[in-house]
Amino acid sequence: INNPFAVLSPYDLPVDEAGIFSREVYDYLIMYDEHQQKFVPALAKSWTRIDDKTMEMELRDDITFHNGDKFEAGDVKATVDYITDPKSKITYGSRFSYMKQIEILGPHKLRIHGSEPMATDLMIYAYRLQIFNGKLMDKMADKQDYGRVHPVGTGVYKVSSLDTNKGILVERFDGYNTLPGKKANIRRVAGIPMPDKQTQAAQM
């Protein structure tokens, strides 16, 4: 990788090279199937637009985080509470500012209340909103440390190590079952800091 990173968070460090890994470590509520040109379930198995400001979602009850915690509505709430909190000072916070409140209706059911209608909300859920482990976040004094200390998601890869100097190592998560048919064909992937172009060419 050209630019070393020690944080794997699409909110705190939204750079291309980190994004290559974060998109495989964290899952989204829904996905957009670009071949069929339609939205498909991911962590949310169904969604209903209650009104022009409110979306209700039924979540999967069979998803597990890399550390063994069960995925629940509280994880979505914790993630959204973090990225909409002005104190978080995340990059591109304006993308999520319309989300006013997450109302938990049950362990696997919630409503996303907006402060205004948002025509592109489904695209945000499919491309921008990557879900963190709320149980781990709740234990942290500084939530910005999540991607540095506990980069735990539900995606096809789990983080084994992350270091500015040594790079990142991810391994296949055998418990993955969010998207049918999707799997990690490579067991381990390493991102090694190597900014020098000649060194990159020599290694290749």
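This is a predicted model: local features need pLDDT of at least 70, side-chain atom pairs count only at pLDDT 80 or more; totals for chains, interfaces and linings use all residues.
**Reading strand pairs and ring pairs**

Trainee: How many bridges pair β8 with β9, and in which sense?

Mentor: Strands of a sheet pair through backbone hydrogen bonds, either parallel or antiparallel. Here β8 (residues 167–172) and β9 pair over four bridges, in the antiparallel sense. Pairing requires at least two DSSP bridges; strands are DSSP E runs of at least two residues, helices H or I runs of at least four, numbered from the N terminus.

Trainee: Which strands are at the edges of this sheet?

Mentor: The open sheet runs β7-β8-β9. Its edge strands, β7 (157–163) and β9 (188–191), each pair on one side only.

Trainee: And the aromatic pairs: how many does the structure hold?

Mentor: Seven. Ring centres must lie within 6.5 Å; planes under 30 degrees apart are stacked, over 60 edge-to-face, the rest tilted. For Y11 and F96, the centres are 5.6 Å apart and the planes at 80 degrees, so this pair is edge-to-face. Y11 lies in the segment before α1 (16–25), and F96, 85 residues away, in the loop between α2 and β5 (99–106).

Trainee: Are Y11 and F96 buried or exposed?

Mentor: Both are buried, meaning under 20% relative accessible area (1.4 Å probe, protein chains only). Ring pairs also join Y11 and F96 with Y26, F132 and Y146 in a cluster.

Conventions:
Residues are numbered from 1 along each chain as its sequence is written. Side-chain values use heavy atoms; hydrogens and water are left out. Rings of Phe, Tyr and Trp (its six-membered ring) pair if their centres lie within 6.5 Å; planes under 30 degrees apart count as stacked, over 60 as edge-to-face and the rest as tilted. Buried means under 20% relative accessible area, exposed over 50%, partly exposed in between (1.4 Å probe, protein chains only).
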